[in-house]
Amino acid sequence: MRLRILMLFIMVCFVSFGCVENIITIHLHPNGQTYFKFHSRGDSLDIFNDDFAHPKDSMINISTISIDNDNWSRVTEISFDDSTYVFSNQDSLPLGYKFDKRVISSFLKTEYELRLTFNGRMIKTEYPKLYSALISKSTDSLEWAPEALTVIMKKGLEDLVQDSLMKNDVLPIDRLVNHMRNAVSRIKTMDQLDHIQNNKTAFLSELLRPFKVKDHIPYALEKSMKPHEERLRKTIDLSDDTFIIKVLMPGQTFYSNANTMLNDTLIWDFGIESLLQTDYEIMARSVIYDMTPLKKYIMVFLIFFSLLFFLFLRKNIG
């Protein structure tokens, strides 16, 4: 896979006019069942690029796709009883997110807790220049693409070291990365980037030649870099996505970190800025009070007290 795929996707994402609004509606029922509705609408290419994936399994109730005035719409509905549901795991290429709930019943009340966690993409730590570009919405790829290429190569080298098939090949990662950093720091024009994009195998071979690595290493490195390139591409694809989460809790909500509340609906609204580093967590708690057990105890007590009072009167009158 050519380096062109990484660089081209990175640059195209910033000039693309497509955007997607992802609306997730969650209804936690008193019986503990959870209903999810995913509604993504916007540019067709962005909806189907899997940067944010709808659930795909046998529990899906409804999954539809429609077109209205050139805007695509994708809807997925799902219901389940599980206390934990992993829609997409943390290490997946698309955005990972997981749902957790707790139902705690006691004498007079039932408490409900809901958490929806979106996995942070660690861009600020791993790609600081790209992080700045995403925050500032800069379109100048020359500011951050060389750094991104260096980081991806380092990740690929680290994966090669962990590969059991490569244990006999000693790779001086720190020296290679430093050499790579110096080489890409000399990239000053788009023509130079294009040259690298169109000659990836030759670029890696030339880069690694001073270290006298075996002939298969450049190809192996290219292969090991691929998932990291794809993960970064999908993260950048999220730059024009927005998320609106709507949650309806059973009973009375007594705590949440929602942005707003409309009637009984809790609402969160966020974008790529909330996902670039650490996890973004949605959390809400509610309670339903049930006075029925207390009423039963009071009724039993009154009946028992009345019976004792009746026996007391009968004994004293008799």
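The legends below describe close-up views of a predicted model.

**View 1. Overall content of the protein chain in the predicted model.** The protein chain contains 10 helices and 12 strands, and 43% of its 318 residues count as buried. Among the contacts in the protein chain with a separation of 6 or more, 65% are accounted for by residues 24 or more positions apart.

**View 2. The ring pair of Phe-36 and Phe-80.** The count of aromatic pairs in the model comes to 19. In the pair shown here, the ring centres of Phe-36 and Phe-80 are 5.8 Å apart and the ring planes lie at 15°, so the pair is stacked, given that planes under 30 degrees apart count as stacked. Phe-36 and Phe-80 are both buried.

**View 3. The ring pair of Phe-52 and Phe-243.** Here the ring centres of Phe-52 and Phe-243 are 5.1 Å apart and the planes lie at 85°, so the pair is edge-to-face, the cut-off for that class being over 60 degrees. Phe-52 sits in the loop between helix H2 (44-47) and strand S3 (60-68), whereas Phe-243 is in strand S8 (residues 241-248), and this pair, too, links distant parts of the chain, 191 residues apart. Phe-52 has a relative accessible area of 4% and is therefore buried, and Phe-243, at 0% relative accessibility, also counts as buried.

**View 4. The aromatic cluster that includes Phe-36, Phe-52, Phe-80 and Phe-243.**

**View 5. The packing of helix H5 against helix H9.** Helix H5 (residues 145-162) and helix H9 (residues 217-237) pack with their axes 8 Å apart and at an angle of about 125°. H5 and H9 are therefore oblique to each other, and H5 passes H9 in a right-handed crossing.

**View 6. The residues in contact between H5 and H9.** On the side of H5, the contact is made by Ala-148, Leu-149, Ile-152, Met-153, Lys-155, Gly-156, Leu-157, Asp-159 and Leu-160. Facing them in this contact, H9 contributes Ala-220, Leu-221, Ser-224, Met-225, His-228, Glu-229 and Leu-232. Sorted by class, the contact of H5 with H9 has 10 nonpolar, three polar and three charged residues.

How values were computed
Residues numbered from 1 in each chain as written. Predicted model: local features only at pLDDT ≥ 70, side-chain atom pairs only at ≥ 80, totals over all residues. Heavy atoms only, no water. Phe/Tyr/Trp six-rings, centres within 6.5 Å; stacked < 30°, edge-to-face > 60°. Buried < 20%, exposed > 50% of the residue type's maximum accessible area, 1.4 Å probe, protein only. Helix = DSSP H or I, 4+ residues; strand = E, 2+ residues; numbered from the N terminus. Axes fitted to C-alpha atoms, helices over the stretch in contact; angles between N-to-C directions. Parallel < 35°, antiparallel > 145°, perpendicular 65-115°, else oblique. Left-handed = near helix turned anticlockwise from the far one by under 90°. Contact = heavy atoms within 4.5 Å. Nonpolar A, V, L, I, M, F, W, Y, C, P; charged D, E, K, R; others polar.
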